[in-house]
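User: Hi! Could you walk me through a couple of spots in this protein?
Analyst: Happy to, here it is.
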Amino acid sequence: MKTKSVVVIGAGIGGIVAATHLAQRGMKVTMLEKNARPGGRCDQLERDGHHFDTGPTLLVMPLLYDAEFHAMGASFREMLDLQRVDPTYQLVFDDGSQLALTSDMKSMEEQLESFEKGSFNGLLRYLSEGYRHYHLGIEKLVNRDFRKITDFFSLRNLPLVYQVKPFINHYRNMSAYFDDPRLKSAFTFQDVYMGLSPFEAAATFSLMQYCELAHGVWYPKGGMYSLVNALVTLARQAGVTFQFHTPVERIDVNGSTARGVFLTNKEYLAADIVLANADLPYVYQKLLPQDGMIQKLLRKDYSCSTLSFFWGLDKPIDTLGAHTLFLADDYQGTFKSITRDYGLPPNPSLYLHVPTRLDPAMAPLGEDTLIAVVPVGHMNDSKPQDWEKVRDEARGKIFERLIKYGVTGIEPHIKFEMTYTPLSWQKRYNLMKGATHGLSHTLAQLAYFRPKNRHARYHNLYFAGASTHPGTGLPTAMISGRLVANRIIDELQLM
Ligand SMILES: Cc1cc2nc3c(=O)[nH]c(=O)nc-3n(C[C@H](O)[C@H](O)[C@H](O)COP(=O)(O)OP(=O)(O)OC[C@H]3O[C@@H](n4cnc5c(N)ncnc54)[C@H](O)[C@@H]3O)c2cc1C
């Protein structure tokens with residue numbers, strides 16, 4: 001078979017992994033990335049010796065990373081210098097009570113029983129459910145694509161309806177395990193990693209809490225961007241060519257075929273296969289001829305966004321651990337402000353990350369690097385926000401929270417600040433509505449119902465990444481890249 005040429009639009013995680021598999025199978029792969037560097041949302045900023053992971057900060061589900069590196073002929077544990085983070089987070093509630101989430105079950109028992117008598121037993125039952133959801137969910141819903149309707153609607157899949165609780169609401173399901181609302185939030189807030197509210201998520205997502213406690217939360221030396229460096233090394237070894245500062249303006253289509261891409265610099269690149277890793281709704285809206293599909297995509301649910309603050313400090317703040325999470329008492333109201341009002345909750349939840357606790361090289365000696373993330377709504381035309389004003393309001397609320405927690409006097413030690421708002425997410429990575437996790441992961445948008453990894457009309461136009469199957473997250477983006485590469489190879493063999 002003549003060597004096939006592939007153009008990949010976007011060098012995010014899903015794109016790099018797909019490119020590597022295709023190049024390993026002998027294809028000529030060129031990656032076109034609008035930004036100066038690879039990684040997409042898994043990005044890192046560097047300023048005056050301070051390093052900030054601007055997107056992902058938590059490496060969870062390590063077994064999936066092992067499997068995806070293995071599939072590319074490499075060892076994840078050899079390529080990255082990993083350390084386990086335990087306790088994973090320090091949770092802080094509005095009433096001042098705290099919970100250090102840890103895999104040390106003795107400590108969990110002592111802590112949980114002080115919140116609510118009998119709750120440790122609830123945790124063990126909850127983890128056992130999470131174990132089932134994780135193994136079945138990954139095998140039957142995540143680690144495969146659904147190319148035709150019978151791949152999903154089959155007798156074989158029927159037991160999943162009661163095995164992984166897709167029709168049961170995650171938060172409501174918590175009543176089976178805990179009464180104390182603080183514990184219900186402690187074991188559901190992780191849904192935000194999917195850009196989801198636990199009040200809208202399926203109970204299936206208890207797989208995340210199981211995974212964090214059973215398989216651990218990890219940190220690679222040098223930060224999460226080390227993952228990008230490792231993946232780019234594998235891609236280059238396989239022969240993938242990268243072109244940065246190269247935005248694609250549109251995909252050239254004719255009849256039912258994609259023929260190549262036009263770049264914004266007016267150059268043209270022909271290709272046998274076009275693979276779009278850029279956010280799927282954006283591709284339909286900006287890179288393809290309009291055929292009504294974008295109207296359908298715009299009506300879908302989108303994940304939340306964030307206001308992110310990156311601070312370089314001139315002194316260490318030893319009182320904060322690696323990951324601290326402040327959870328608001330009005331848990332449901334917080335999510336309502338995000339998902340219905342598309343704004344900043346009056347008393348927002350707050351995530352703080354101090355990477356120097358795990359890797360001192362993330363800041364100059366005697367200084368510190370601090371990241372603060374406040375989940376907010378995505379951009380919505382019906383409720384437009386002045387994001388700079390909202391950001392400034394959020395900054396004030398962060399310092400109020402910190403002072404209440406006993407961490408005072410940070411502001412005078414801030415040497416510099418960089419911030420991201422939903423507008424930044426949209427502009428930097430072309431994320432539709434600035435939704436940090438792409439299309440939402442509600443039941444109606446998962447598995448067979450998520451936009452497919454091949455275009456319905458253009459038979460050689462494929463997709464990888466967060467808004468296609470299986471969904472958001474670093475391991476899932478890697479799986480998405482592998483699944484689409486396998487599909488391309490299968491379909492080429494049939495031609
Ligand atoms: C704030 C935040 C926190 C997160 N936390 C975690 C976490 O802790 N753990 C975890 O596992 N996951 C986390 N995620 C999710 C994870 O980062 C994403 O799901 C994953 O990185 C998505 O990868 P992707 O393959 O969809 O590519 P993307 O990251 O979307 O990359 C697509 C690339 O395409 C490029 N592009 C777009 N348009 C064009 C064009 N026209 N021409 C050329 N290039 C173009 C973009 O610049 C980008 O580089 C987080 C995400 C965010 C934003």
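Analyst: One term before we start: a strand here is a DSSP run of E with at least two residues, and strands are numbered from the N terminus. Also, keep in mind that this is a predicted model.
User: Thanks! So where is Phe463 found?
Analyst: Phe463 sits in strand β19.
User: Is Phe463 buried or exposed?
Analyst: Phe463 is buried, because its relative accessible area is 1% and the cut-off for buried is under 20%.
User: Which residues is Phe463 in contact with, leaving aside its neighbours within four places in sequence?
Analyst: Among them are Leu275, Ala276, Leu280, Val283 and Tyr284, and also Lys452, Asn453 and Val484.
User: And how many Å separate the C-alpha atoms of Phe463 and Val8?
Analyst: That separation is 9.3 Å, with the two residues 455 apart along the chain.
User: Switching topic: how many cavities of 30 Å³ or more does the structure hold?
Analyst: There are 4 of them. The largest cavity has about 50 Å³ of space.
User: What lines the largest cavity?
Analyst: Its lining includes Asp145, Phe146, Arg147, Lys452 and Asn453. By class, the lining has 5 charged, 2 polar and 2 nonpolar residues.
User: Last one: where is Thr436 found, and why does Thr436 count as buried?
Analyst: Thr436 lies in the loop between α16 (422-429) and β19 (461-463). Thr436 counts as buried because its relative accessibility is 9%. Beyond its neighbours within four places in sequence, Thr436 is in contact with residues including Arg41, Ser303, Cys304 and Trp425.

Methods. Residues are numbered from 1 along each chain as its sequence is written. This is a predicted model: local features need pLDDT of at least 70, side-chain atom pairs count only at pLDDT 80 or more; totals for chains, interfaces and linings use all residues. Side-chain values use heavy atoms; hydrogens and water are left out. Helices (H or I, at least four residues) and strands (E, at least two) are DSSP runs, numbered from the N terminus. Buried means under 20% relative accessible area, exposed over 50%, partly exposed in between (1.4 Å probe, protein chains only). Contact means heavy atoms within 4.5 Å. On a 1 Å grid over the protein atoms alone, a cavity is a set of points where a 1.4 Å probe fits but cannot get out, and a pocket is an open set with protein on both sides within 12 Å along at least five of seven lines; lining residues have an atom within 4 Å of a point. Grid points are joined across faces, edges and corners, and a volume is the space filled by probe spheres set on the points. Ala, Val, Leu, Ile, Met, Phe, Trp, Tyr, Cys and Pro count as nonpolar, Asp, Glu, Lys and Arg as charged, and the others, Gly among them, as polar.
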